[in-house]
Amino acid sequence: MLDQADEVWITGVGLVSSLGDGSEAHTDILTGRRDGMPAVDETTFAPYPVHRLVPLDLSKQIPKNSDQRQMEGWQKLGVYAAGLALDDAGIKGKADLLDRTDLAVAAGSGERDTAVDCKVLETASAGGDTPLRANEILPSALRPTLFLAQLSNLLAGNISIVHHVTGGSRTFMGEETAGLAAIESAFRRVAAGQCEICLVGGALNAERADLLLGYELGHNLWHHPFQHIEERTHRGGGFVPGSVGAFLVLEQRGHAQGRAARPYARLTAVESDRGRREPNPSANPLAQVFARVGSPTGQEATSVFSGASGVAPATAGELSFLQGLTRSGGINCAWTYGDLIGHSVEAHFPAGIALAALALRGEGLSAALAGKKCNADDVAPIDRIIVTTVGHYRGEGLAVLERIS
Amino acid sequence: MGTDIRDAKGRPRVAITGCGVVTSLGRGKADNWAAITAGRSGIRHISRFPTDGLRTTIAGTVDFLNVNPYSAPALTIAMATAAAEEALAEAGLARAQTFPGPLYLATPPAELEWPQRKQLWDEMSASDLQGYRRLLAAAREHAHADMASLFQFGSVADHLADKFATRGLPVSVSTACASGATAIQLGVEAIRRGQTQAALCIGADSSVQIEALIRFILLSALSTRNEPPEKASRPFSKDRDGFVMAEGAGALVLEEYASAKARGAEILGFVRGCGEKADDYHRTRSKPDGTAIIGAIRNALADAVIEPGEIDYVNAHGTSTPENDKMEYQSLRAVLGVHLSDTPVSSNKSMIGHTLSAAGAIEAVFSLLAIRTGTLPPTINFDVPDPEIPLDVVPNKARQAAVATVLSNSFGFGGQNVTLALGAP
């Protein structure tokens with residue numbers, strides 16, 4: 001166990017998704033004050049449904065138009081959510097503090113100009129060599145913001161520029177495992193005293209044909225009318241991408257108390273692994289990481305916020321395990337949060353932790369969301385939430401959050 | 001105070017027990033170091049794709065690994081594998097069934113390339129679908145397992161983690177041109193906090209692709225001095241005009257010193273400290289007062305608990321762009337002060353070009369070789385000194401020198417600045 005001063009607290013949450021803009025909007029849905037219906041666009045990228053981001057007033061977090069012009073959608077979304085988290089933690093604009101705040105970002109990369117891509121391909125089809133056509137077309141067609149958006153670390157770079165977070169800065173890649181690595185690295189550094197305060201998170205702009213193409217090469221996307229995650233696993237599986245920006249401020253307890261910050265929850269463990277799936281694809285992919293933190297026994301009111309993607313058979317293996325834990329009374333409830341916000345890949349693990357933090361500081365999770373798979377009477381209050389994320393093709397991990405009473 | 005197994009801050013000391021390298025100069029430390037210390041350049045005309053009409057037509061490509069079928073991630077994997085095999089052999093871990101720690105990999109962001117897009121487009125030639133709908137239909141209706149296994153952001157790490165049976169989740173990191181140094185920093189931190197006794201840290205990059213080349217041309221970042229190619233990269237010279245893109249990989253086995261010693265491993269050197277500092281000035285340029293670069297260098301010295309006067313050699317970032325080399329000089333001057341006048345500072349990018357995500361790892365290997373061989377690699381093509389950069393750049397010819405402590409700088413777009421401090425055993 002960590003001794004108290006070394007505890008890792010979550011002191012800021014910045015979350016935007018298809019459900020809403022900011023903590024209040026998401027808390028209202030978690031508690032049932034607002035109906036939590038998925039906001040899915042089934043037409044723009046048909047046959048692929050996507051969870052479409054709510055409109056944002058970007059100028060609230062990215063005041064300079066010149067900065068907005070230098071970013072693509074993925075970056076704006078992330079910089080916006082990062083700003084929310086800094087505001088929430090009470091450190092926005094505090095130059096001395098931001099100068100020693102570290103940054104850990106989970107990122108893929110940004111938007112391509114799909115019209116330019118197609119122009120090259122059409123021209124090459126009409127005759128000639130693709131490289132030569134690319135040489136002719138790209139130098140005049142590529143916009144600087146687009147090629148800077150191809151660098152994964154330029155979300156972090158823009159956060160530094162816009163919000164002046166200028167301690168260390170690391171960007172982690174690798175689909176869902178990017179989120180696991182970013183959170184785990186930040187958690188372990190804070191817990192070990194290698195860092196006092198860290199802004200960590202990620203962003204996914206799901207409304208991009210070029211992004212969908214990358215995932216569909218491995219046949220990972222759900223390409224039918226929207227269905228919930230568990231239902232999808234019975235029909236071949238697939239994920240429905242969701243636009244999400246999710247950032248957290250992780251802070252050493254002593255540091256947080258020193259500046260009278262109000263915590264959401266304490267983060268007591270983050271574990272990750274990359275188990276082999278081939279021998280038994282429908283096995284529980286979380287067996288190893290759960291074993292490390294100890295399977296919940298029901299002594300504390302524990303819920304699981306599952307980041308299951310819907311890609312079969314890994315999701316079926318995870319859900320079957322979680323249903324077993326629910327039946328045995330080890331946990332009160334397993335809620336697949338991707339049903340509401342979509343699967344946000346790099347941002348998915350941070351987003352699940354953000355939702356769990358909101359639930360732990362608020363009134364828990366409504367029985368309506370927890371649904372029939374839960375021991376509904378026990379849903380509130382929640383004392384402990386385990387957030388899981390299983391990569392759509394590899395990698396898995398979890399975080400344990402506890403209520404600070 | 002430090003002890004034999006702990007540093008001055010009481011943390012476990014981090015030893016280097018193996019390293020390996022691949023660049024345009026060849027495979028392995030022996031070939032590379034022979035070429036580097038002879039002042040030979042690996043920069044050549046690009047033969048991988050046509051460069052007709054492009055302002056820059058040269059690069060430090062790695063063309064000798066026979067990657068088939070060729071793709072950028074396949075080449076990254078091949079180079080990283082070659083470098084890691086060399087590092088593991090040197091560490092005496094080549095025969096182990098598993099590597100006793102995690103993988104930290106610096107690698108470029110994944111992206112489909114034109115041959116793959118063209119293939120997908122052509123697969124649907126019987127269809128009247130246009131645009132990305134056509135590409136998506138090709139992806140949906142056909143099997144592309146190989147493409148899927150290479151073009152995810154975690155693909156390269158995934159292949160390497162399988163190959164070397166590293167522990168846990170492989171970590172892919174990008175801090176642009178500082179990535180290789182960040183991968184080493186992640187390994188150092190994990191060992192210091194007792195999370196692991198060993199880490200395999202690799203930087204690898206195979207970015208010499210049409211679109212990446214065009215992007216850097218559009219940023220006016222590249223040298224256009226195409227003839228002769230080997231004279232293009234001239235860090236710290238007054239007539240420098242940009243960097244030369246290049247490929248390669250560097251790998252280091254880091255170990256907790258106490259456990260490395262206990263298993264009888266040869267200690268090649270130590271990573272004494274790491275410093276980083278993000279810049280908030282501009283997406284591609286450093287703050288004019290150099291505070292972020294200065295911060296990274298100072299943080300490395302503070303982390304390592306060493307004084308400027310202890311630095312025997314600086315392996316510079318030294319890209320050969322007008323901006324970088326000037327900023328790097330001014331920042332070194334600010335931190336090292338008068339001592340800089342007595343400190344050799346050279347850039348191996350004059351010979352191997354800028355290996356981007358791999359640079360920090362490759363240059364850590366060369367820094368270690370400088371310590372181990374007592375030879376400073378030169379900065380070649382140094383014919384026209386820049387009066388604004390009065391540095392001892394080890395001009396044109398390697399030099400013998402006793403080297404115990406080296407700083408290695410890596411700076412990247414997006415305001416990334418990382419400095420490593422390496423020390424002799």
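Pro47(A) lies in the loop between strand S2 (40–41) and strand S3 (50–51) of chain A, where helices (H or I, at least four residues) and strands (E, at least two) are DSSP runs numbered from the N terminus. This is a predicted model, in which local features need pLDDT of at least 70 and side-chain atom pairs count only at pLDDT 80 or more, while totals for chains, interfaces and linings use all residues. Residues are numbered from 1 along each chain as its sequence is written, chains are lettered from A and ligands numbered from 1 in the order in which they are written, and side-chain values use heavy atoms, with hydrogens and water left out.

The peptide bond that leads from Ala46(A) into Pro47(A) is cis, with omega near 10°. A cis peptide bond also joins Ala312(A) and Pro313(A), with omega at about 0°, and Pro313(A) is found in the loop between strand S9 (302–306) and helix H14 (314–327) of chain A. In the loop between helix H8 (154–163) and strand S5 (169–173) of chain A sits His164(A), which has a positive phi of about 65° although it is not a glycine. Such features deserve mention because most residues other than glycine have a negative phi, and most peptide bonds are trans.

| Helix pair | Axes come within | Crossing angle |
|---|---|---|
| H5(A) (114–126) and H3(B) | 10 Å | roughly 65° |
| H10(A) and H4(B) (131–141) | 9 Å | roughly 10° |
| H3(B) and H4(B) | 8 Å | roughly 85° |

Angles under 35 degrees count as roughly parallel, over 145 as roughly antiparallel, 65 to 115 as roughly perpendicular and the rest as oblique. H5(A) and H3(B) are therefore roughly perpendicular to each other. Their contact (heavy atoms within 4.5 Å) involves Asp117(A), Cys118(A), Val120(A), Leu121(A), Glu122(A), Ala124(A) and Ser125(A) from H5(A), together with Trp114(B), Arg117(B), Lys118(B), Trp121(B) and Asp122(B) from H3(B). These residues divide into six nonpolar, one polar and five charged, where Ala, Val, Leu, Ile, Met, Phe, Trp, Tyr, Cys and Pro count as nonpolar, Asp, Glu, Lys and Arg as charged, and the others, Gly among them, as polar.

Within chain B, H3(B) also meets H4(B), through Arg117(B), Leu120(B), Trp121(B) and Glu123(B) on the side of H3(B) and residues including Tyr132(B), Leu135(B) and Ala139(B) on the side of H4(B). This contact has six nonpolar, one polar and three charged residues.

H10(A) and H4(B), whose axes cross at roughly 10°, are for that reason roughly parallel. Ala209(A), Asp210(A), Leu212(A), Leu213(A) and Glu216(A) of H10(A) touch Tyr132(B), Leu135(B), Leu136(B), Ala139(B) and Arg140(B) of H4(B), and this set comprises seven nonpolar, no polar and three charged residues.

Grid points are joined across faces, edges and corners, and a volume is the space filled by probe spheres set on the points.

The largest pocket holds about 820 Å³ of space. Its lining counts 49 residues, with Pro109(B), Glu111(B), Ser207(B), Gln209(B) and Ala212(B) nearest the centre. Among the elements that give two or more residues to this lining are helix H6 (130–141) of chain A and helix H3 (114–123) of chain B, while H8(B) gives the most, with five residues. By class, the lining of the largest pocket has 26 nonpolar, 15 polar and eight charged residues.

Technical notes:
On a 1 Å grid over the protein atoms alone, a cavity is a set of points where a 1.4 Å probe fits but cannot get out, and a pocket is an open set with protein on both sides within 12 Å along at least five of seven lines; lining residues have an atom within 4 Å of a point. Axes are lines fitted to C-alpha atoms, for helices over the stretch in contact, and angles run from 0 to 180 degrees between N-to-C directions.
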